[in-house]
Amino acid sequence: MKVTNLDERIHVLDGASSVMTVIKDIATSGLQEEAFYVLDIGDIVHKHQIWKERLPRVDPYYAVKCNDTLTVLEVLASLGIGFDCASKSEINKVLGVGVDSSRIIFANPAKPASHIRHAAAVGVDTMTVDNESELHKIKKLHPAAKIVLRIRCDAELAQCQLGMKFGCDPNFEAPNLLHVSRMLDLDVVGVSFHVGSGCQDPPVFKRAICHAKMLFDLATELGFKPYLLDLGGGYPGNKGTSIDKMADVINKAIDEYFPTDDVHIIAEPGRFYVASAFTLATSIHSKRSVRSDEKSPSTITHNMYYINDGVYGSFNCLLYDHQHVTPIPLKSGCGKMIPSSIWGPTCDGLDQVVDNILLHEMDLGEWIIFENMGAYTLPVASPFNGFPVPKVHVVADEAVWLLLKDALPLTEDHFVIGNTPANLRLGLDIGGSKIDGWANPGIELVPTQEILSNPTDSSPPFIYDYVEVEPLN
C-alpha cells in the first residue's frame with residue numbers, strides 16, 4: 001500500500017529525539033496554531049509485549065471503538081492481533097487494512113439488521129448476544145453465525161459501567177438463551193463478559209470466569225461444542241498503571257476452570273493499547289485575569305486560560321469516559337502559583353477542561369501538554385463551532401521501524417526518516433500540497449511567536465491587552 005501524504009507517514013526518530021522533543025519542535029516553530037497529537041507507535045508495541053508476557057493464554061482483540069485511527073489499526077494488525085468491532089463501519093475499517101474476517105468478533109449484543117447482513121456478506125461470523133430477540137434476528141439474517149453469549153458480571157469499581165445496558169444474568173437468563181439457541185438450531189460457541197471499562201476490581205474476573213465455566217458445562221450437556229471464552233475489556237492503559245493484579249487473577253482462574261488448550265481465550269482491550277501512546281499539545285489563545293479581592297483590586301486572584309481544544313473535541317473524554325486530565329505547561333514556570341482554570345475554544349459554558357488548579361503565570365501562545373489522551377478521545381471528537389479535530393503526527397524509534405517496516409499491512413512506504421513533519425505551516429498540515437497556495441500572496445505570513453513578542457512595533461498585526469473585569473460570582 002503506497003502512502004503518499006507525508007504527514008500520515010510514521011516519522012522515524014533519531015537517538016536524541018523523543019515525543020517531547022517533537023512536540024517542542026512543532027510548538028516552538030512559531031508557525032503552529034492548532035492543537036495536535038503525537039502518537040508514539042513504540043508505546044503500542046511495548047504494550048503488546050507486556051500483554052503477551054502477563055497473559056500468555058489470552059489473545060487480544062483490540063476494541064476499535066476506543067481509537068480507530070488508521071495507523072493504530074495498521075500497527076495492531078501488523079502485530080497479528082484480532083479486533084472487536086461494534087458496527088459494519090468498524091468491520092470495514094479493519095477489513096480495509098487487510099485483516100482476515102476470522103480475526104474479527106462482532107461484539108455488539110444489539111445489532112441493526114443491516115449490520116448483521118453485512119457481517120454475513122463479508123464473512124464475520126462470530127458475534128455476541130444477550131437477549132432472545134437477537135437470537136431470532138440472527139436466525140433470520142445470519143443463521144450460520146457463531147453465537148457468543150454475553151453475561152453480566154459487573155466490577156464494583158470501574159471507570160464506565162456497562163452492565164446496565166448489556167449482559168444477561170448468568171444464572172437465570174443465560175440458560176434460557178442456550179435452550180432457545182438449541183431450539184433455533186443456532187451454534188453457540190462460547191461465553192463473553194465485560195466487567196466495565198477501566199476496571200479497578202481485579203477479583204471480578206474470577207467470578208465472571210466461574211460463571212462462564214458453568215455455562216460451558218450446560219452448553220455441552222445441550223449438545224453444543226463451546227470453545228471460545230471472551231474476557232472482554234476493562235484493562236487500564238495510562239502511564240503508571242499496571243495489569244499485573246488483573247493478570248494474576250485471570251491466569252489463576254483460567255488455570256482452575258479452563259486448564260486445557262481446547263478452549264480459545266480472548267479479551268477485548270482498548271485503552272490498554274492506546275491510552276498512553278497519544279500525547280496532546282494545546283496552546284493558549286486567550287486569557288482572562290480575574291481580580292476579585294476588594295482589599296487588593298490590582299491582585300490577580302484567578303487566571304482563566306482558553307486553549308484550542310475542548311470537551312467538544314479531544315476532551316469529550318471528560319464527559320463520556322469520566323477521565324481526569326493533568327495539564328503540563330511546556331515551558332517551565334517560576335514564581336507564585338495562581339489558582340487557574342482551563343477552558344476549551346467554543347462558546348459553550350460547558351466547555352471547561354480543568355476546573356481549578358494551581359499554575360504559574362502563563363502568556364498567550366504558550367503550550368499546555370496532556371498525556372494519556374489515546375482512549376475515547378478522537379473517535380468522539382467533533383468540529384463544533386468550527387474548531388478542527390487535532391491532527392495526529394506519528395513517530396517511532398529506529399528499533400520499532402526495523403521491527404514493523406516489513407510487517408504487513410505496514411511497509412517501508414509507511415515510514416519516513418525525520419523527527420518532525422517538514423511541511424508544518426500554520427497548522428494546515430497538508431502533506432504533498434503547496435503551502436503557498438493556502439496563503440494570500442499579498443499578506444506576509446508572520447510567525448505566531450513574533451506576533452506575541454513584539455511590543456515595540458507601533459502597529460503590530462495582532463494586538464491584545466489585559467483588562468480588569470468584574471469579580472466572578
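Modeller: The model is predicted: local features need pLDDT of at least 70, side-chain atom pairs count only at pLDDT 80 or more, and totals for chains, interfaces and linings use all residues. Residues are numbered from 1 along each chain as its sequence is written, and side-chain values use heavy atoms, leaving out hydrogens and water.

Biologist: Why is His-48 called buried?

Modeller: Buried means under 20% relative accessible area, with a 1.4 Å probe and protein chains only. His-48 has 11% relative accessibility, so it counts as buried. His-48 lies in helix H2, residues 41-54. Helices here are DSSP runs of H or I, at least four residues, numbered from the N terminus.

Biologist: What is His-48 in contact with, leaving aside neighbours within four places in sequence?

Modeller: Pro-60, Leu-79, Ile-81 and Tyr-273. Contact means heavy atoms within 4.5 Å.

Biologist: What makes H6 roughly parallel to H7?

Modeller: Helix H6 (residues 132-141) and helix H7 (residues 173-184) pack at about 20°, axes 10 Å apart. Axes are lines fitted to C-alpha atoms over the stretch in contact, and angles run from 0 to 180 degrees between N-to-C directions. Angles under 35 degrees count as roughly parallel. Therefore H6 is roughly parallel to H7.

Biologist: Which residues of H6 meet H7?

Modeller: Glu-132, Leu-135, His-136 and Lys-139 in H6 meet Asn-176, Leu-177, Val-180, Ser-181 and Leu-184 in H7.

Biologist: How do you know that helix H3 is mostly covered?

Modeller: Eight of the nine residues in H3 (residues 70-78) are buried. Among them are Val-72, Glu-74 and Ser-78. Just after H3, Gly-80 takes a positive phi of about 85°.

Definitions and conventions
Helices (H or I, at least four residues) and strands (E, at least two) are DSSP runs, numbered from the N terminus. Buried means under 20% relative accessible area, exposed over 50%, partly exposed in between (1.4 Å probe, protein chains only). Angles under 35 degrees count as roughly parallel, over 145 as roughly antiparallel, 65 to 115 as roughly perpendicular and the rest as oblique.
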